[in-house]
Amino acid sequence: MARVLVVDDERSICNTIEAVLRNAGHQVECADSGEMAIALMRKSSPEILLTDLRMDGMSGMDLLGKAREYFPSVTVVLMTAYATIDSAVAAMKNGAYDYLVKPFTPEQLEHLVVRIEEFRRLRDENSKLRDQVDALSE
């Protein structure tokens, strides 16, 4: 199961997402700001970062940039109730794995996390195979 960090300045949203993912067997932490999220990521090394796009202080897009820079192995998903094509394109260009529009169902959230786990497994397997090929060709 995945280690997930949920970042949203609306506590009720964090609590709901946390409950859904914990019920599915994941380890979940919540943060109410980008700054808090960075501090938690330094301690717990989450595999998945689910962050709201619009937050006071550091935005989700800013957090995405910092996560890509300081924690390149984390898989980032931006969540928003104010979806636009421009923000979705910007998120993907900046390295987000996906863009989740609020409100979403527990099933959509669980399915997304399963997809991310499979993506991460395949990425890690690919990396190991490349390392083995490189070692053989030396």
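Which residues of strand 3 are buried on one side and which on the other? Ile-48, Leu-50 and Asp-52 are buried on one side, and Leu-49 and Thr-51 on the other, so that both faces of strand 3 are covered; buried means under 20% relative accessible area, with a 1.4 Å probe and protein chains only. In a regular strand the side chains alternate between the two faces of the sheet. Because five of the five residues of strand 3 are buried, this strand is largely enclosed by the rest of the structure.

This is a predicted model, in which local features need pLDDT of at least 70 and side-chain atom pairs count only at pLDDT 80 or more, while totals for chains, interfaces and linings use all residues. Residues are numbered from 1 along each chain as its sequence is written, and side-chain values use heavy atoms, with hydrogens and water left out. Helices (H or I, at least four residues) and strands (E, at least two) are DSSP runs, numbered from the N terminus.

**Strand pairing**

Two strands pair if DSSP finds at least two bridges between them, and the table lists two such pairs.

| Pair | Sense | Bridges |
|---|---|---|
| Strand 1 and strand 3 | parallel | four bridges |
| Strand 3 and strand 4 | parallel | five bridges |

Val-6 stands opposite Leu-50 in strand 3, and the bridge partner of Leu-49 in strand 4 is Val-76.

In helix 3, which spans residues 60-70, Gly-60, Leu-63, Leu-64 and Ala-67 are buried. Seen down the helix axis, the buried residues fall within an arc of 105 degrees (taken from the directions from the axis to the C-beta atoms), and they therefore line one face of helix 3. These buried residues pack against several elements, including strand 1 (3-7), strand 3 (48-52) and helix 4 (85-93).

**His-26**

His-26 is found in the loop between helix 1 (11-23) and strand 2 (27-31), and with 6% relative accessibility it counts as buried. A polar atom of the His-26 side chain lies 3.0 Å from the backbone nitrogen of Ala-2. Leaving aside neighbours within four places in sequence, the residues in contact with His-26 (heavy atoms within 4.5 Å) include Met-1, Val-4, Leu-21 and Glu-117.

Technical notes: Buried means under 20% relative accessible area, exposed over 50%, partly exposed in between (1.4 Å probe, protein chains only). A polar contact is a pair of N or O atoms within 3.5 Å; within protein, one must be able to donate a hydrogen and the other to accept it, and residues adjacent in sequence count only if both atoms are side-chain atoms.
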